[in-house]
Amino acid sequence: MNRKWNNILAVLFTGASLLTLTGCHGSRALPEFTVPAELDTAQKYEITFWAKNDTNKNQTDVYKKAIADFESLYPHIKVNMKLYTDYGRIFNDVITNISTGTTPNVCITYPDHIATYMTGTNTVVPLDALFADEKYGLGGSALLYDGPAQEEIVPQFLAECVLEEQHYALPYMRSTECCYINKDYVEKLGYNIPDVLTWDFIWEVSEAAAVKNDDGTFALNGQNVMIPFIYKSTDNMMIQALKQQGAAYSTPEGDIGLFNDTTEAFLYEIADHVESGAFSTFKISSYPANFLNAGQCVFAIDSTAGATWMGADAPLSDISEDAFVDFETAVRMVPQYDPEHPQMISQGPSVCVFNKADPQEVLASWLFAQYLLTDEVQIGYAQTEGYLPVTSKAQKSPAYQAYLAGSGKDNQTHYRVKIDASKLLLNHTGDTFVTPVFNGSASLRNAAGQLIENVANSVRRGESVDDAYMNQLYADVTALYRLDQKDIAAGSWKELGALPPAAVLLLAALAVSWCLILLYVLSDFAKKRKKH
Amino acid sequence: MKKTLALTLTLALVLSLTACGKDGNSGEDKKSEGVMTHDEYMAAAIDSEVVIETYVQAKQSWWEDKATLYTQDKDGAYFVYNAVCSEADYAKLTPGTKIKVTGYKTEWSGEVEVAEGAAIEIQDGNYVAPVTDVTDLLGKDELIDHQNEFVSFKGMTVEAADDSGAAFLYNWDGSGEDGSDLYFNVSKDGQTYTFTVESYLCDSSTDVYQAVKGLNVGDTVDMEGYLYWYEGVNPHITSLTVK
């Protein structure tokens with residue numbers, strides 16, 4: 001009886017120990033995606049779409065209509081949308097879900113983010129094979145909608161979605177930054193707005209606008225508040241300034257060149273203008289639009305996708321109606337060091353497809369992602385803000401051309417400032433650029449903005465901004481964003497640090513289990529020998 | 001000897017009981033050396049360094065080692081935005097926890113707060129602020145004196161949140177979905193104000209979130225929350241009762 005129970009216990013114990021091994025392998029990599037020969041419409045699929053919007057109901061309405069129209073074409077595919085208003089949150093949620101294999105199917109994203117998603121094997125679907133598929137690819141013969149052919153997507157925007165020599169995303173919308181100007185104030189100060197703003201011009205006029213009366217009010221507007229120049233995204237401010245001056249920022253291999261003399265000189269210049277009260281940032285002071293519309297700002301730099309908030313007749317606003325002042329809004333490119341060769345950032349959402357075990361699910365996801373590039377979706381979404389459709393097909397369509405031609409017809413869909421912002425990008429698409437994308441490029445971008453924020457805050461707080469300060473600033477920002485710990489390309493060893501406690505416990509439990517099994521076997525062997 | 005020892009121990013026990021009373025909920029809120037009173041904090045210039053001792057009343061969010069907190073002492077409130085805080089420490093910041101905050105004062109669209117990057121030190125002490133009714137201060141200049149405090153509003157009427165007549169919106173314009181911030185309008189004495197259920201503070205699983213979703217235009221409501229400011233009064237509501 002004892003022996004029988006011993007054997008049963010031994011088997012159970014061994015089985016339990018073997019079960020613990022199932023926890024050891026980590027997450028299993030997905031197989032490489034292969035385009036199925038046919039779309040299986042007999043099988044129902046539910047796909048998740050994580051979508052970002054600018055807290056704009058018109059945009060969510062476009063998404064909802066796109067989903068409804070797509071589902072009516074492909075009734076076997078249901079699209080569940082999750083809305084985000086913050087790219088950082090989408091990024092973080094995707095990263096969290098990669099480790100548990102619960103990524104969405106389709107996701108609005110930035111190439112910077114995709115570079116990090118791709119650290120997981122076969123996590124993001126490379127799209128070239130899908131692009132080229134005769135039936136389901138771009139402009140494919142079996143599509144149930146009129147999608148763009150590859151050559152009908154603006155090549156520059158498509159090229160921005162190439163990582164490691166393959167397309168990993170489709171561009172969805174494109175925007176840039178621009179300067180929204182209170183033209184009346186500029187002229188009141190005795191200046192005329194040039195076709196292309198320069199940094200010298202914007203600083204000079206801003207300094208003039210910062211002059212106060214004897215009673216402490218500002219001479220320009222008679223108010224107690226005037227911040228002549230406010231910049232929304234200081235990461236773009238630094239990146240564009242460096243690009244325009246041909247200074248280093250980063251390489252495609254991930255080498256960081258941000259901390260250079262041009263950066264330092266730019267920071268010193270910013271410090272001077274913060275000191276005089278001529279310049280501030282969104283993080284310090286609040287939305288440039290709030291100040292511009294209240295007559296408390298001359299130059300407000302923000303995305304073209306923020307145009308509906310800008311100006312005396314802005315359809316969207318966070319300030320009360322009685323705070324508005326009346327003025328003419330001019331729209332210009334961001335300031336340039338070389339007005340003959342302007343350079344401005346290209347930005348805006350792209351869309352990627354996540355790999356799944358079932359290739360049919362991926363194909364369904366791809367069909368929806370591609371549907372977002374149809375004219376109706378492109379034109380509908382582009383009209384909500386100062387966006388540009390990413391297909392020449394949509395840009396040249398009669399509907400979009402009629403939209404542009406209707407500028408000023410009303411202060412809603414045809415709001416002049418919004419259409420001026422779109423036209424600025426349309427006319428200067430060739431002057432836009434993107435920064436290199438690599439795992440860590442998103443952190444580097446944040447670091448670029450942080451340099452400006454720190455300097456501006458330090459000046460406002462009465463700290464001394466000198467060489468010692470700059471050296472410490474570089475060290476602090478490098479540490480904050482872990483820029484000295486960047487990933488090296490796949491194949492290199494990387495120190496991962498101490499094991500997490502759960503892993504330590506699991507390994508310890510395994511070791512103990514096997515020791516006990518061994519002890520039992522030896523004990524049993526010894527008993528048998530003794531017996532015989 | 002034994003009797004003496006017993007008596008001494010008993011006296012020591014009785015004396016130790018006096019340490020059990022909640023620090024800060026009664027009596028003077030004495031600040032440590034170098035720490036500002038609330039009046040001194042409010043008088044401090046924007047961008048000046050501030051050192052405050054205050055008590056966590058609610059936590060809005062933690063994100064990448066930054067915590068945003070509603071705090072208050074006996075004299076007033078302090079909103080602390082994106083202070084440096086590990087996730088482990090954030091878990092310790094239960095309502096009433098005393099903290100020392102060293103940072104810089106700032107003002108953002110009318111909201112006075114301790115700016116991003118402040119340092120937090122958890123201390124011994126506990127205080128949960130009672131609610132202050134500010135219904136009669138709506139529309140008056142004095143309302144801002146209670147900025148960020150835990151306040152109540154009584155007998156307000158729900159108005160339409162948009163032209164469609166909805167009683168509330170997901171996000172400020174209806175662009176959100178279940179789980180997003182809730183915006184709704186309430187009026188008193190002919191003036192309408194926008195109140196918010198901040199979804200990081202009170203998510204969709206909370207009673208207040210469900211209560212706002214159940215509102216009808218015309219309802220009379222009592223509310224409590226934090227007197228947040230964004231381009232004007234914009235309370236972050238934590239409870240709502242339909243009368």
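**Terms and model**

I count two strands as paired if DSSP finds at least two bridges between them, and I take helices (H or I, at least four residues) and strands (E, at least two) as DSSP runs numbered from the N terminus. The model is predicted, so I kept to the rule that local features need pLDDT of at least 70 and that side-chain atom pairs count only at pLDDT 80 or more, while totals for chains, interfaces and linings use all residues. Residues are numbered from 1 along each chain as its sequence is written, and chains are lettered from A, with ligands numbered from 1, in the order in which they are written.

**Entry 1: strands of chain B**

I began with the hairpin of β4(B) and β5(B), which has two residues between the strands, and noted there that B:Ser109 takes a positive phi near 55 degrees. Strand β5 covers residues 111-114 of chain B and pairs with β4(B) in the antiparallel sense over four bridges; B:Trp108 has B:Glu111 of β5(B) as its bridge partner.

I then followed β4 (residues 97-108) of chain B to its other partners. With strand β1 (residues 49-62) of chain B the pairing is antiparallel over seven bridges, and B:Val50 is bridged to B:Gly103 in β4(B). With strand β6 (residues 119-126) of chain B the strands also run antiparallel, joined by six bridges, and here B:Thr97 finds its bridge partner in B:Asn126 of β6(B).

**Entry 2: chain B as a whole**

I looked up the overall figures next. Chain B has four helices and 13 strands, and its C-alpha trace spans about 85 × 40 × 35 Å along its principal axes. Of its 243 residues, 36% count as buried, where buried means 20 or more other C-beta atoms within 10 Å of the residue's own, exposed means 12 or fewer, and partly exposed lies in between, with C-beta atoms placed from the backbone.

**Entry 3: domains and cores**

For chain A I noted a domain assignment, whose bounds come from an automatic or database source, that gives domain 1 (2-25 + 501-531), domain 2 (45-174 + 351-405) and domain 3 (177-345 + 431-485). The C-alpha centres of domain 1 and domain 2 of chain A lie 52 Å apart.

I defined a nonpolar core as a set of buried Ala, Val, Leu, Ile, Met, Phe, Trp, Tyr and Cys residues joined through C-beta atoms within 7 Å. The largest such core has 141 residues, among which A:Ala300, A:Val351 and A:Phe368 touch the most other members. Domain 2 and domain 3 of chain A each supply at least three residues to this core. A second, separate core holds 55 residues, including B:Val56, B:Ala167, B:Val208 and B:Leu227. Returning to A:Ala300, and leaving out residues up to four places away in sequence, I found that the residues it touches include A:Tyr180, A:Ile230, A:Phe291 and A:Met310.

**Entry 4: a helix and a sheet of chain A**

Helix α20 (residues 501-531) of chain A has 31 residues and reaches 45 Å from its first C-alpha to its last, close to the 45 Å expected at 1.5 Å a residue, the expected span being 1.5 Å times one less than the number of residues. Of the 31 residues of α20(A), the number buried is zero, so this helix lies largely in the open.

I also traced an open sheet of five strands in chain A, in the order β2-β1-β3-β14-β6 and with mixed pairing. At its edges stand β2 (77-84) and β6 (170-171) of chain A, each with a single partner strand, so one side of each is left without a neighbour in the sheet. Strand β1 (residues 45-52) of chain A pairs with β2(A) in the parallel sense over eight bridges, and A:Glu46 has A:Lys78 of β2(A) as its bridge partner.

**Entry 5: positive phi in chain A**

A:Asn122, a residue other than glycine, has a positive phi near 55 degrees; A:Asn122 lies in the loop between α4 (111-117) and α5 (128-132) of chain A and is partly exposed, with 14 other C-beta atoms within 10 Å. A:Glu165, also not a glycine, has a positive phi near 65 degrees; A:Glu165 sits in the loop between β4 (162-163) and β5 (166-167) of chain A and is exposed, with 7 other C-beta atoms within 10 Å.

Conventions: Two residues are in contact if their C-beta atoms, placed from the backbone, lie within 7 Å.
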